[in-house]
Amino acid sequence: MASSAIPAADLRSFAEYLKGCKRIIALLGAGISASSGLPTFRGAGGLWRSYEATDLATPEAFDANPDLVWQFYSYRRHMALKAQPNRAHYALAELARRNTDFITLTQNVDGLSPRANHPSKQLHHLHGSLFTVKCTSFYCTYSRENDFTDPLVPALAIPDNTPELNPSTDDKTGEVASRSLSQALKGGEIKEADISDERVPLPALSTDVLPHCPKCKEGLLRPGVVWFGESLPSKTLNQVDKWMNAAFVDLILVIGTSSKVYPAAGYVDKARARGARVAVVNMDRNDVGSSGLQPGDWFFQGDAGTIVPELLKGVIGEV
Ligand code: OAD
């Protein structure tokens with residue numbers, strides 16, 4: 001989308017206001033990474049559609065089928081690594097370098113903000129990261145961040161020619177294709193046309209070949225993401241609350257999120273209660289959160305990768 005798609009009067013009033021802002025917060029959702037080609041959660045998905053989120057993204061699922069869950073997360077890691085940060089990730093990273101009182105809360109686990117060199121102290125991962133691994137043993141506290149090894153272990157390798165298959169609209173996980181499926185396709189055992197909502201059989205991998213803890217040597221490692229039924233990381237929440245309560249907030253940028261998942265979505269009202277004006281960047285005009293837009297807010301409709309750098313240009317220059 002060309003920058004001219006942003007209504008000039010809105011762009012002017014936002015840019016003017018931004019110049020005077022000191023304390024700024026950004027809330028990011030999957031839409032910012034859609035500009036990098038990664039699928040969103042509530043939009044189109046793909047082959048993993050035949051699995052419920054509860055089959056893949058809960059502690060119970062991991063206990064019951066660690067091989068299935070690891071294959072899903074290996075696929076997500078692989079896809080995220082193939083994607084590149086876009087101009088919106090770089091623009092926010094640049095704003096963070098220029099304004100140390102700007103923090104970003106991301107719901108994304110895809111690692112694109114860190115890979116855009118977003119200053120880590122100003123970036124809070126509310127839902128964890130695909131690139132953190134931690135030990136599942138009750139007695140072990142091992143965890144490792146920013147591990148971009150792909151595959152983590154040979155058994156979890158994803159072939160480069162994994163096909164991008166047609167998305168469905170009823171996806172619960174927001175993710176596509178699996179290693180075993182791509183192999184089956186390649187080998188001609190199944191054809192793309194055969195793929196429906198039928199559950200795709202995955203190979204059973206023995207626990208021995210899954211990633212294990214290098215510290216205790218016994219526990220299985222798990223992805224460092226927040227699963228359904230788990231709490232958000234308390235240290236992160238405390239840091240954000242501390243920042244939020246330290247002084248009034250000038251602005252919250254709400255970028256590419258459906259604003260339906262709490263507690264993340266609740267930060268918009270928290271910021272508003274601290275005096276913030278709200279600027280939403282989203283493809284969908286309806287995705288403005290439960291309290292809607294209020295006088296003085298902005299809504300910028302379109303692709304985050306184009307709009308965000310344009311909005312911030314007056315302060316950060318070109319990225
Ligand atoms: P959603 O899939 O719910 O929403 C993505 C939003 O991005 C939608 O509002 C789209 O309209 C918008 N969008 C899509 N493409 C865009 C683009 N190119 N530019 C701008 N906006 C675009 O994703 P999230 O809001 O991130 O939680 O979902 C929140 C949480 O729900 C996720 O973190 C995940 C999921 O359950 C956990 O895994 C814990």
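Modeller: A definition comes first: an angle between two axes under 35 degrees counts as roughly parallel, over 145 as roughly antiparallel and 65 to 115 as roughly perpendicular, while the rest count as oblique. Please keep in mind that this is a predicted model. Two packed helices are described by the angle between their axes and the distance between the axes.

With this in hand, take helix α1, which spans residues 8-19 and packs with α11 at an angle of about 40°, their axes being 9 Å apart. The crossing in which α1 passes α11 is right-handed.

Helix α11, residues 304-316, also packs with helix α6, residues 87-98, and here the angle is about 25° and the axes are 8 Å apart. The angle is under 35 degrees, so α6 is roughly parallel to α11. As for handedness, α6 passes α11 in a left-handed crossing.

Turning to the surroundings, we can look at the ligand, which is surrounded by 23 residues, the closest of them being R42, T257, S258, N282 and D287. Sorted by class, this shell holds 8 nonpolar, 11 polar and 4 charged residues, and its largest share, 3 residues, is supplied by helix α2, residues 30-34. From A30, a polar backbone atom is 2.8 Å from an oxygen atom of the ligand. D287 brings a polar side-chain atom to 2.4 Å from a ligand oxygen, whereas a polar side-chain atom of D303 lies 2.8 Å from a nitrogen atom of the ligand. Of the 800 Å² that the ligand exposes when taken alone, the protein buries 89%.

Some details of the backbone in the loops complete the view. Most residues other than glycine have a negative phi, and most peptide bonds are trans. Against that background, the peptide bond from D150 to P151 is cis, its omega being near 0°, and P151 belongs to the loop between β5 (143-144) and α8 (179-186). The bond from Y262 to P263 is cis as well, with omega near 10°, and P263 is found in the loop that runs between β7 (251-255) and α10 (266-273). Finally, N117, a residue other than glycine, has a positive phi, near 65°, and N117 sits in the loop between α7 (112-115) and β3 (123-125).

Conventions: Residues numbered from 1 in each chain as written. Predicted model: local features only at pLDDT ≥ 70, side-chain atom pairs only at ≥ 80, totals over all residues. Heavy atoms only, no water. Near = heavy atom within 4 Å. Polar contact = N/O pair within 3.5 Å; in protein donor to acceptor, adjacent residues only side chain to side chain. Areas by Shrake-Rupley, 256 points an atom, 1.4 Å probe, with all protein chains shown as cover. Helix = DSSP H or I, 4+ residues; strand = E, 2+ residues; numbered from the N terminus. Nonpolar A, V, L, I, M, F, W, Y, C, P; charged D, E, K, R; others polar. Axes fitted to C-alpha atoms, helices over the stretch in contact; angles between N-to-C directions. Left-handed = near helix turned anticlockwise from the far one by under 90°.
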